[in-house]
Amino acid sequence: MKTVGIAQVVKGEKTKGYLQVSTDTDGSPIQVPVLIASGTEEGPTIWVQGCVHGDEYGGAASIIRFFQELDVNELRGTFIGVPVTNLPSFKARYRTSPIDGANLNRIFPGDKKGTYSQRLAYTLIETIVSSSDYVIDLHSGGIGAYVPFYAICDYDDSDAGQKSIWLAKRAGTDVIWRSQSETDVSGTGTSQLVHKGIPAVTIECGGGNVTEEHEANFKTSIRNIMTALEMLPGEAPLQEEYTVINGADFFFTGQGGLFVPHCSVGDVVNKGDLLGAVMNLHGEVTEELRCTTDNAYIAAIGHRYWPVHPGQLIAEAIPIVDRLGKSDQ
């Protein structure tokens, strides 16, 4: 019988279990919860994960709710849901790991003999490649920032790269970050999976509090992609036009204080435009952050008056590089 960790894949049933990833300081196992739903008919296996960054709760909640609402009688193939991949980070309510300080989504493919996060990255990649045909990775802006609803795919000429953008166009959003050859961000899990032949799409949505709209967007994107793969009945929607972004600029604070945003997610800004400022507790502006490129889409921005540390990621501005219609790749 096929298993994921100790969770069994049983046709026509929903099962639950754990994937063990190393041990804690007291020797107890660190167990990552796994949710599996398998249809009675053969079909693809899709892996859907959340909380690679521990403070991005919308993905975790949406995977749980999607699993609860999923009718296995409609399902062809297998759904594997991993609501929280990065348990130590999740427990600490923080983006990076309290164990080794690592940002999990920058260290893939990991190292089976490395620190906890490196071992986790290695285990996730190996488990996904051995069990799954497609991957959806759910992210948000975390506690301290907000992002719009958009898709990310690692795009190249490979079959996996082409299939990734094909799926991204069917996720239900009209904005796609078409990342190429890790030019924007290195060490992500999705880029490693595409290199290994597994089509993968990242869905970004929300941050801070999880609203009903965020949950609906996440669940809709999962259902749309599974529908496109003929795992669920229906037809996945295509948008009339897609805004394609690539070549990210990340903005980090140089000063501590209160962040004051001067733009909103989804805005299109130009070089020199003010993205936000840092204000000290005397009300004095100690730093301004300005856009460095033209025609840039605001893909993330920090919350208004949110306390920030020096070196904190506070905004993302990604140039618009293309417009695609329904039939364009």
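**Reading contacts, cores and a pocket**

Q: Which residues is Met 226 in contact with, leaving aside its neighbours within four places in sequence?
A: In this predicted model, Met 226 is in contact with Ile 46, Phe 66, Leu 75, Phe 79, Met 231 and Leu 232, once neighbours within four places in sequence are set aside.

Q: What is the general idea behind a nonpolar core, and which residues have the most contacts inside the largest one?
A: In soluble globular proteins, nonpolar side chains tend to be buried together. Here the largest nonpolar core has 38 residues, and those with the most contacts inside it are Ile 46, Phe 79, Ile 203 and Met 226. Helix α6 gives the most to this core, with five residues. There is also a second, separate core of 31 residues, and it includes Ile 80, Val 82, Ala 121 and Val 135.

Q: Is Ser 221 buried or exposed?
A: A residue counts as buried under 20% relative accessible area. Ser 221 has a relative accessible area of 0%, so it is buried. Ser 221 lies in helix α6, residues 212-228. Not counting residues up to four places away in sequence, Ser 221 touches Phe 149, Ala 171 and Ile 203.

Q: Where do the buried residues of α4 fall, seen down the axis of the helix?
A: An α-helix has 3.6 residues a turn, so residues three or four places apart point the same way. In helix α4, residues 159-168, the buried residues are Ala 160, Gly 161, Ser 164, Ile 165, Leu 167 and Ala 168. Down the axis of α4, these buried residues fall within an arc of 160°, so they line one face of the helix. Their cover includes β7, β8, β9, α5, β10 and α6.

Q: How many residues apart along the chain are Thr 202 and Ala 151, and what separates their C-alpha atoms?
A: Thr 202 and Ala 151 are 51 residues apart along the chain, and 5.6 Å separates their C-alpha atoms. Thr 202 lies in strand β10. Thr 202 counts as buried because its relative accessibility is 7%. Beyond its neighbours within four places in sequence, the contacts of Thr 202 are Asp 137, His 139, Tyr 150, Ala 151, Ile 152 and Thr 190.

Q: Which residues lie nearest the centre of the largest pocket, and what lines it?
A: A pocket can be read by its volume, its lining and the classes of its residues. The largest pocket has a volume of about 940 Å³. It is lined by 44 residues, of which His 53, Glu 56, Arg 95, Gly 141 and Leu 313 lie nearest its centre. Strands that each supply at least two residues of this lining include β7, β9, β10 and β19. Strand β8 gives the most, with five residues. By class, the lining has 18 nonpolar, 16 polar and ten charged residues.

Terms used: Residues numbered from 1 in each chain as written. Predicted model: local features only at pLDDT ≥ 70, side-chain atom pairs only at ≥ 80, totals over all residues. Heavy atoms only, no water. 1 Å grid on protein atoms, 1.4 Å probe; cavity = no way out; pocket = protein on both sides within 12 Å on 5 of 7 lines; lining within 4 Å. Points joined across faces, edges and corners; volume = space filled by probe spheres on them. Helix = DSSP H or I, 4+ residues; strand = E, 2+ residues; numbered from the N terminus. Nonpolar A, V, L, I, M, F, W, Y, C, P; charged D, E, K, R; others polar. Buried < 20%, exposed > 50% of the residue type's maximum accessible area, 1.4 Å probe, protein only. Contact = heavy atoms within 4.5 Å. Arc of directions from axis to C-beta. Core = buried A, V, L, I, M, F, W, Y, C linked by side-chain atoms within 4.5 Å.
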